[in-house]
Amino acid sequence: MTHILDIFRLESCGVLWLASATSLESALARAQKLAVGSPGDYLVLDLETGNKHVIKIGMEERADNNRRTEAGTHE
């Protein structure tokens, strides 16, 4: 049996399923590709273990000195 991880986008009204992956690395890469068109918070859920990884991707803020900051990965 293949180990499956599901990728969701966290929405204000709940979660939206987007894709599945067979490894955490491929799930994170897929979430990053999806975030190009829709930056925000993503959830990777390991269906076998129940582990969850929340990822903030592509959400940029402008600081007063015009430096850009980007949120990283949270587990």
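**Figure 1. Burial and overall make-up of the chain.** Of the 75 residues of the chain, 25% count as buried in this predicted model. The secondary structure consists of 1 helix and 7 strands. Read from the N terminus, these elements follow the order β-β-α-β-β-β-β-β. Among the contacts in the chain with a separation of 6 or more, 30% are made by residues 24 or more positions apart.

Figure 2. Strand β1 covers residues 5–11 and strand β2 covers residues 14–21; the two pair in the antiparallel sense over 7 bridges. Glu11 has Gly14, in β2, as its bridge partner.

**Figure 3. The largest nonpolar core.** This core comprises 11 residues: Leu5, Ile7, Ala19, Ala21, Ala27, Ala31, Ala35, Tyr42, Val44, Ile55 and Ile57. At least two residues of the core come from each of β1, β2, α1 (24–37), β3 (40–46) and β4. The greatest contribution is that of α1, with 3 residues. In soluble globular proteins, nonpolar side chains tend to be buried together.

**Figure 4. Two isoleucines of the core, Ile55 and Ile57.** Both Ile55 and Ile57 belong to the largest nonpolar core. Ile55 lies in strand β4, which spans residues 52–57. Ile55 counts as buried because its relative accessibility is 3%, below the 20% limit. Ile55 and Tyr42 are 13 residues apart along the chain, and their C-alpha atoms are separated by 5.0 Å. Tyr42 is also touched by Ile57, whose other contacts are Ala31, Gln32, Ala35, Pro39 and Gly40, residues up to four places away in sequence not being counted.

Figure 5. Asp6 lies in strand β1. Asp6 is buried yet has no salt bridge. The nearest side chain of opposite charge belongs to Arg30, at a distance of 11 Å. The side chain of Asp6 does make a polar contact with the side chain of Trp17, at 3.2 Å. Leaving aside residues up to four places away in sequence, Asp6 touches Trp17, Ala19, Ser20, Leu43, Val44, Leu45 and Leu47. Two of these neighbours, Ala19 and Val44, are members of the largest nonpolar core.

**Figure 6. The salt bridge between Arg9 and Glu11.** The structure holds 2 salt bridges, and one of them joins Arg9 to Glu11, with the closest N and O atoms 3.1 Å apart. Arg9 has a relative accessible area of 16% and is therefore buried. Glu11, by contrast, is partly exposed, its relative accessible area being 34%. Glu11 is also the bridge partner of Gly14 in β2.

**Figure 7. The salt bridge between Lys56 and Asp41.** The side chains of these residues meet at 3.2 Å, N to O. The pair links distant parts of the chain, 15 residues apart, with Lys56 in strand β4 and Asp41 in strand β3. Lys56 is partly exposed, since its relative accessible area is 28%.

Definitions and conventions. Residues are numbered from 1 along each chain as its sequence is written. This is a predicted model: local features need pLDDT of at least 70, side-chain atom pairs count only at pLDDT 80 or more; totals for chains, interfaces and linings use all residues. Side-chain values use heavy atoms; hydrogens and water are left out. Two strands pair if DSSP finds at least two bridges between them. Helices (H or I, at least four residues) and strands (E, at least two) are DSSP runs, numbered from the N terminus. Buried means under 20% relative accessible area, exposed over 50%, partly exposed in between (1.4 Å probe, protein chains only). Lys and Arg count as positive and Asp and Glu as negative; His and the chain ends are not counted. A salt bridge is a side-chain nitrogen of Lys or Arg within 4 Å of a carboxyl oxygen of Asp or Glu. A polar contact is a pair of N or O atoms within 3.5 Å; within protein, one must be able to donate a hydrogen and the other to accept it, and residues adjacent in sequence count only if both atoms are side-chain atoms. Contact means heavy atoms within 4.5 Å. A nonpolar core is a set of buried Ala, Val, Leu, Ile, Met, Phe, Trp, Tyr and Cys residues joined through side-chain atoms within 4.5 Å.
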